[in-house]
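Please open the model in your viewer and keep the selection tool at hand. The tour goes from one stop to the next.

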Number of protein chains: 2
Amino acid sequence: MKVFDVLFGRPLSSDESHSIQISPAVGIPIFGLDGLTSAAYGPEAAMTLLIPLGFWGVQHYLLPIFGLILTLLTILYFSYRQTIEAYPNGGGSFTVASENLGDKAGLFAAAALMIDYVLTAAVGISAGVTALVSAFQETKYGPQLHQHQLLMCLVILTGIALVNMRGVKETGVVFMLPTILFVGTLLATIGWGVFQALMTHGHPVAHYAPPSPVDNPLHKFAGWLLVYLLLKAFSSGCAAMTGVEAVSNGVTAFKEPRSHNANVTLTVIIGILIILLFGLSYVARAYGVTAMDPNATSYQSVLSIEVSAVFGRQWFYFLTMGSVLAALSFSANTAFADFPRMARAIAGQDYLPHVFLLRGRRLLFSHGIYALTTLTAVILIIFDGVTDRLIPLYAIGAFLAFTLSQAGMVRHWHKTLDAPHRHVKMFVNGLGAVATGITLCVLLFSKFLEGAWVTAILVPLLIAAMMGVKRHYTRVRAETIDPTPLRLTGLAPPIVVIPMAGWDKVTEKAMRFGMLMSPLVKVVHVDSDDADALGKVWEQMVLIPVREHQMALPELVTVRSSYRNILTPLIDYVMELEEEFPGRKIAVLLPELVVRHWWEYLLHGQRVQLLKLLLLLKGNQRIVVVNIPWYL
Amino acid sequence: MKVFDVLFGRPLSSDESHSIQISPAVGIPIFGLDGLTSAAYGPEAAMTLLIPLGFWGVQHYLLPIFGLILTLLTILYFSYRQTIEAYPNGGGSFTVASENLGDKAGLFAAAALMIDYVLTAAVGISAGVTALVSAFQETKYGPQLHQHQLLMCLVILTGIALVNMRGVKETGVVFMLPTILFVGTLLATIGWGVFQALMTHGHPVAHYAPPSPVDNPLHKFAGWLLVYLLLKAFSSGCAAMTGVEAVSNGVTAFKEPRSHNANVTLTVIIGILIILLFGLSYVARAYGVTAMDPNATSYQSVLSIEVSAVFGRQWFYFLTMGSVLAALSFSANTAFADFPRMARAIAGQDYLPHVFLLRGRRLLFSHGIYALTTLTAVILIIFDGVTDRLIPLYAIGAFLAFTLSQAGMVRHWHKTLDAPHRHVKMFVNGLGAVATGITLCVLLFSKFLEGAWVTAILVPLLIAAMMGVKRHYTRVRAETIDPTPLRLTGLAPPIVVIPMAGWDKVTEKAMRFGMLMSPLVKVVHVDSDDADALGKVWEQMVLIPVREHQMALPELVTVRSSYRNILTPLIDYVMELEEEFPGRKIAVLLPELVVRHWWEYLLHGQRVQLLKLLLLLKGNQRIVVVNIPWYL
């Protein structure tokens, strides 16, 4: 137990919930890592799609595409500030959409976000590992690392899950250093790159020449095909925005004043993200960096090419790539911080199993962590730990949730007549809704065949499942609700049934208990061989003492079993009794041997367990099972 | 249920046991296949060891070695005839040894035989498959079959297990044709081979020339090394005798007169076996057949070489090899016929779990069949379905059992003063004991390093396990035996404990039952958040009606849980009650929701199940659990 406490922290009492609340400094690594690290793979995803356009494509289209992405990000920032202020108790998309647009819309957002969080965790971890493999690409360890990509992903997943089992606050502290290193090294790269570019009038000399762009005859293509390609590149770049939802959903994790602290966190995260996205694409353009075909044997990520171009391959390169790896892997943590909270909100409306409502020993919603870990592991295993195949699935869910949440906010301001500047606020959220809605359409259009259709199938399935869960809970509540006081009329002692193989202490204990419960005791002996061996024992051991005490005589019932089966005749007998005495309760007393070691259970039949199960399955409200344990 | 009946036969009533008894004709395939088919691999095993001696070795040593083996077999035959006559209720080694030499000796024989039966099944099946692979060696299917050797073994194992689930008699009928074919084709091969040899004055011309013997410089070696080699070849040949025990153990399977029918069966089996062993080694010598290195790519079994030498590779060759395959695979059946009977005999003395005593729906000892199937599958998987690696482990167990059984018989005749010719009988069994004892020493000496040490480790482990089982049963019996009549003094109603989350129909049902059982009802509410919400409901729903009926008032106990754990405070409360009221029984009533579909269980915590388990583990004789099922 001590080791367990050291690993996972001491259990927290329910009164201590204030002690796990966080400040913005801790909030940035927790809620921001996902958003920030998308700077490491978002541009790459967009640039990979520009490969067919060659060097020329990057020079012409990269900055405009990122300009668009940054504009969208700014709109989102202002929209979500308002959500956080309006929902100081947590304004995740599920809450906002279901409160303002109805349960269906809420479920829609919830399903989309659940898929997205699992993907966030999977994409984060596998992107981190890809970065590591990329860094060691040209060393002798390269091929070996490449082989064990999935294993590394699963190890990191386990690590993150374990850290999260300690608590949100501890997680933030653990992940603060990687966050600082990640942001710091990338800012240094951008700073030095921009400085070099300015000093050389836009033509810096790379320390380590970027691989020459793929020479492709297609690079002159234009018209609708070009538009389609650019839309696709834009969609891929949008992956960089998926972390924005996190803060609004996790407002309750912050110290008071919650909304203020959450908004400070959001501002810092978005500010840094904008600098990183803009800076990295500027430097890429200046140094003539293009993405490489991910299937090429000497494949390197854009970030790796960029950092080696600016600084060369010395210690700083490895520090940068190391912190990118760490930050990317840990970006999965945002999902771990948010998924359990969201699951709690959904379960609170009966749409998910109530187990998600329980706070674990560290006051966390532990079952959410278990569920997310399991689902992420499944996804990683199915996709063999390679990000690229996951990215098309990604972002759809986030933008669906964005759109629903912003639309919900518009409705919120519409209803809240006393809010100051409500028309301005409505406009901001409306702009957010329109912008994210358009992006969602672009995403769906450009990514549908590549995998977005999976989301399109999964979302309705998830919604159906959640509605099924709600139906179940509603039915159970309707069937068990009891508005009337305790009825005490018609209380008749039950008919007691005791199976007996022979006279021993176990049977005696059961009979003492049974005779106490009711004057109507039936001791059933299932007999496959000789019939009357027990009669004499019964007379001597039971009937004589009962007569002496002038109590009601128990009845010995012998049931014949021609097929050596003990259970069926017993259950048949109980069912017959039930028909014979309508309205009477029947208590079946099952003597059960409790042994000291597990292997001893192998030496005793599991008949009692099987009988219990069968009685439960075949029985009804009137049949009650009493376990009479016998300790050896 | 109908399909099940067609597959496994209708269930047999306990009165029908006569209908499953067998005649010698059916007994031969059941108990004889193992012995008879050892003619197919015993000589091969011996000849493989003569490879280093080359052609010359076979010419000089094969017949003497087989002469020795046949002599031993004859001695065993006469010894076992006497055992069968003396033990008409089944004279397996376990029974004979434990009755005459004490339980320890019996366990020794039992452990050895159990290992041996598992090996019999595994060796039989894998030898059959090896024969099949050998037959198709030079066709295009050869390599493919070689790859799927393990799979084929497991398929055959499953088939044999299924046939055996129908019953012993049915098994005999199914396996009669393969037995006749096996014996018939081999006899034809021997007959034609001997005839040809005689016609050509000992120099018959092979239809299909045997592969030339390995040219080995070692073929002149002599002295102790030669003796050792010959001893090893002899030991390997002894595998041909392991099936002899079967008949004596299965006497009860025969129709009356049992002993007579069993002895007829034994005579036929041994007679045919002697002809086959002698004939096959004679033909091998005449045609100059030597064994091939089993690791050679073009490996063929000795039998395959021999049959193609005598008849060439036409239809008869394929018929012969096919029936060898069938017979070998089905020889595993002897283990299936005997192992369950033996397990039953051992379990009858409390040395194995009592589950082996139960007769299944077809009056078989089904659990023995399950156990044997599982163990054989494990062995086949571990050894990847290749016989050769199993043979060194084999035969040791059988000869250990032979020796103990024969020694036991000597003691039996010594005790049975009124037996006619008891000194002659004692001599015959004594000769058997000495001969098998010497063979056992030879086997241990020559095979120890090759794998017999595994048996030497397993046997004591098994004996220890069986003694542990007996100790357990003895203790249980001592602790539960009850020589006194039912005590009816000191019957006090139990203290009833009912956990309650809130007022609903489930709780009401439990309370109605609880108030009926005892005037002392404690309803426990574990509270982690607000303490007094239930108070008002309790007053209105419970106390008022109870006062109206002038019954004893139940008590509402609120237990505070700071760490959100429901189970621990509940169990702590029960334990406190137990200390507070020494000698009183405590009945914990657990309302349990029974849902219609398995997935609905995911929506309800398994707390009740966990609570039951914890109460069972932490509880004692005085704590009783009552399940109050609530059907939705």
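**Where the two chains meet**

Select strand E5 of chain A together with strand E5 (residues 623-631) of chain B: the two run antiparallel and are joined by 3 bridges, where strands pair if DSSP finds at least two bridges between them, and strands (E, at least two residues) and helices (H or I, at least four) are DSSP runs numbered from the N terminus. This is a predicted model, in which local features need pLDDT of at least 70 and side-chain atom pairs count only at pLDDT 80 or more, while totals for chains, interfaces and linings use all residues. Residues are numbered from 1 along each chain as its sequence is written, and chains are lettered from A and ligands numbered from 1 in the order in which they are written.

Within the strand, pick Val626(A), which stands opposite Val626(B) in E5(B).

Now select the contact, to which chain A brings 61 residues and chain B 62 residues, two residues being in contact if their C-beta atoms, placed from the backbone, lie within 7 Å. On the side of chain A that touches chain B, H17(A) gives the most, with 8 residues.
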